[in-house]
Amino acid sequence: MVCEVSIRPMTVRDLQACWELDQRCFADGETYDRDTLRYLLTNPLVIARKIELPDGRMVGFVIGSMEPGGVGHVIALGVDPQWRRRGFGRLLMDALEEAFSEHGATIARLEVRVDNHAAQALYQKLGYTVTQHLPRYYTNGEDALLMMKPLPSPAPDE
Ligand SMILES: CC(C)(COP(=O)(O)OP(=O)(O)OC[C@H]1O[C@@H](n2cnc3c(N)ncnc32)[C@H](O)[C@@H]1OP(=O)(O)O)[C@@H](O)C(=O)NCCC(=O)NCCS
């Protein structure tokens, strides 16, 4: 890692920065619009984290939600193209999974495009396995892979 970064909760106050970063991270047709991000960042079931440089710039974010049955659903993960392969994606996923566990989740699930090999490599490294192929999952007709990972129980308070 090249510099000290911090991981903090992402809130609706980060809406504009998150939207701009999302635009840089995802291709046309894969980005979230502001209304969807606002809905997510104000939803009490949603857990969102951002990764910041010492100057306060957001260079990565992750959004997940708690679902019934102790499932944590990873909704979106993005790292600024200029700041990739520094372990930031992994740090964000670790933080989200920890929060999922604290909220009682025992399993994490996510969907990833079949051709998104970078994200699949990250998720595999983190212990996710493919459990299902979802044909035409995305609006453009692309297939997804459903990946899952059992989560450990949260560490007891000292
Ligand atoms: C997927 C993404 C979040 C990864 O972020 P990142 O900060 O670069 O990931 P990390 O540096 O934490 O990578 C951890 C490991 O994942 C794997 N990995 C990450 N990117 C990879 C790539 N492009 N090719 C192959 N393996 C990759 C590697 O094993 C890597 O470890 P290493 O660098 O020691 O080899 C980033 O590429 C991104 O924002 N992509 C566009 C948005 C996206 O696809 N999001 C996920 C779908 S919602």
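Student: What is the bridge partner of G60 in β4?
Tutor: This is a predicted model, and in it G60 is bridged to V79 of β4.

Student: What makes β3 and β4 a pair?
Tutor: Two strands count as paired if there are at least two bridges between them. Strand β3, residues 58–67, and β4 have eight bridges.

Student: What do β3 and β4 form, and how many residues lie between them?
Tutor: They form a hairpin, with three residues between the two strands. G69 sits in the turn and has a positive phi of about 85°.

Student: How do you know that β4 and β5 pair, and in which sense?
Tutor: Count the bridges again. There are four between β4 and β5, and the cut-off is at least two. They pair in the parallel sense. V74 has L110 of β5 as its bridge partner. H73 stands opposite R109, also in β5.

Student: What holds paired strands together in general?
Tutor: Strands of a sheet pair through backbone hydrogen bonds, in a parallel or an antiparallel way.

Student: What makes β4 "mostly covered"?
Tutor: Buried means under 20% relative accessible area. Eight of the nine residues in β4 are buried. β5 is mostly covered too, with six of its seven residues buried.

Student: Why does H117 count as exposed?
Tutor: Its relative accessible area is 55%. Exposed means over 50%, so H117 counts as exposed. H117 is found in helix α4. Its C-alpha atom is separated by 26 Å from that of A99, which is 18 residues away along the chain.

Student: E52 is in strand β2. Is E52 buried or exposed, and how do you know?
Tutor: E52 has a relative accessible area of 11%. The limit for buried is under 20%, so E52 is buried. Among the residues it touches, leaving out those up to four places away in sequence, are E4, V5, R8 and M58. The C-alpha atoms of E52 and I7 are 6.4 Å apart, though 45 residues separate them along the chain.

Student: What makes the phi of R85 worth a remark?
Tutor: Most residues other than glycine have a negative phi. R85 is not a glycine, yet its phi is positive, about 60°. Its place is the loop between β4 and α3.

Student: What is the phi of R136, and where is R136 placed?
Tutor: R136 has a positive phi of about 50° and is not a glycine either. R136 lies in the loop between β6 and β7. With a relative accessible area of 64%, R136 is exposed.

Student: How many residues line the largest pocket, and which lie nearest its centre?
Tutor: The lining has 36 residues, and F26, L77, N116, A119 and Y123 lie nearest the centre. Elements that give two or more residues to it are β4 (71–79), α3 (88–102), β5 (107–113) and α4 (117–125). β4 gives the most, seven residues. The pocket holds about 1200 Å³ of space.

Student: How do the residues of that lining divide?
Tutor: 20 are nonpolar, eight are polar and eight are charged.

Key:
Residues numbered from 1 in each chain as written. Predicted model: local features only at pLDDT ≥ 70, side-chain atom pairs only at ≥ 80, totals over all residues. Heavy atoms only, no water. 1 Å grid on protein atoms, 1.4 Å probe; cavity = no way out; pocket = protein on both sides within 12 Å on 5 of 7 lines; lining within 4 Å. Points joined across faces, edges and corners; volume = space filled by probe spheres on them. Nonpolar A, V, L, I, M, F, W, Y, C, P; charged D, E, K, R; others polar. Buried < 20%, exposed > 50% of the residue type's maximum accessible area, 1.4 Å probe, protein only. Contact = heavy atoms within 4.5 Å.
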